[in-house]
Amino acid sequence: MTPPISIFLVDDQQLIRLGFRMVLDAEEDLIVVGEAADGHAAIAQAAALRPDIVLMDIRMPGLDGIAATEAIVREHPDTRVLVLTTFDLDEYAFGAIRAGASGFLLKDAQRHEMIAAVRAVHRGDAVLAPRVTRMLLQHVAPTLGSSETVPSSTAVPSTTATPSSTASRDEALSELTDRERDVFLEIARGLTNLEIAQTLYVSESTVKTHVGRILAKLDARDRIHLVILAHRLGLTDDDAPPSD
């Protein structure tokens, strides 16, 4: 049998950790392997436990969730971090995305939303609904125009140093096949692998293969990096060029 998805809870409020644990441990394919109340403890225990997923609060005493996320992602790239946020213009949460988090989870999320988010991140999807994607890009847009101000976790490949130009956009896209370009654009719009498969009438496993190739060709860390890169290149919605 496939081993359960191991989850590590990081939040300075014990009642929140307790509530999340009760929800997650009730699922056969999920298991909570540990808890921490601050960033320092999160880093140390993540190194010892090597969980699949970390549910990371942002505002905590001592070391905050942004620094903890950056350290965990850097030291343990196979561990994915899902940020806990109220999402009411929580700039700290956006900082965690730039630090390497794989998505947002609202603290008041419904039970099924939490479970779906954990499973989605584990299988490689970014938990960014279209509304969340728009808010993310609105927040980071002022920093996307200059490679000097973009943190390394969201820096784009050197071949796209001037992404606003048609030449740079075409150069980046020339690395992709027509189908990979289609998948890239759907990722930029916030679709999951399953949604992309349904949109493009292909299997979900085929989409996963395309996503892996896109990440490699564009030297992108993860799906969120691809979203930011696509917006920086002007490839979303009305700006997206048609595939050949």
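Q: Hi! How much space lies in the second largest pocket?
A: About 260 Å³ lies there. A pocket is an open set of points on a 1 Å grid over the protein atoms alone, where a 1.4 Å probe fits, with protein on both sides within 12 Å along at least five of seven lines. The volume is the space filled by probe spheres set on the points, which are joined across faces, edges and corners.

Q: What sort of model is this?
A: This is a predicted model, where local features need pLDDT of at least 70 and side-chain atom pairs need 80 or more, while totals for chains, interfaces and linings use all residues. Residues are numbered from 1 along each chain as its sequence is written, and side-chain values use heavy atoms, leaving out hydrogens and water.

Q: Back to the pocket: how many residues line the second largest pocket?
A: There are 16 (each with an atom within 4 Å of a point). P77, R80, S102, R221 and D222 lie nearest the centre of this pocket. By class, the lining holds 7 charged, 5 polar and 4 nonpolar residues. Here Ala, Val, Leu, Ile, Met, Phe, Trp, Tyr, Cys and Pro count as nonpolar, Asp, Glu, Lys and Arg as charged, and the others, Gly among them, as polar.

Q: Which helix gives the most to the lining of the second largest pocket?
A: Helix α10, residues 204-217, with 3 residues. Helices (H or I, at least four residues) and strands (E, at least two) are DSSP runs numbered from the N terminus.

Q: At what angle do α8 and α10 pack?
A: Helix α8 (residues 178-188) meets α10 at about 90°, and their axes are 9 Å apart. The two are therefore roughly perpendicular (65 to 115 degrees). Axes are lines fitted to C-alpha atoms, for helices over the stretch in contact, and angles run from 0 to 180 degrees between N-to-C directions.

Q: Which residues of α8 and α10 make the contact?
A: On α8 they are R179, E180, V183, F184 and I187, and on α10 they are V207, H210, V211, R213, I214 and K217. Contact means heavy atoms within 4.5 Å. Of these residues, 6 are nonpolar, 4 charged and 1 polar.

Q: And how far apart are the axes of α8 and α11?
A: They are 8 Å apart, with an angle of about 95° between α8 and helix α11 (residues 223-232). F184, I187 and A188 of α8 touch R223, L226, V227, L229, A230 and H231 of α11. This contact has 7 nonpolar, 1 polar and 1 charged residues.

Q: New topic: what order do the strands of the open sheet have?
A: The 5 strands run β2-β1-β3-β4-β5, with parallel pairing (DSSP finds at least two bridges). At the edges are β2 (30-36) and β5 (103-106). From one strand to the next, the twist averages 30°.

Q: What does helix α3 touch on the sheet?
A: Helix α3 (residues 65-75) touches β3 and β4 (80-85), and its direction makes about 160° with that of β3.

Q: Last one: where is A41 found?
A: In helix α2, residues 39-49. Not counting residues up to four places away in sequence, A41 touches F8 and A36.

How values were computed:
Parallel < 35°, antiparallel > 145°, perpendicular 65-115°, else oblique.
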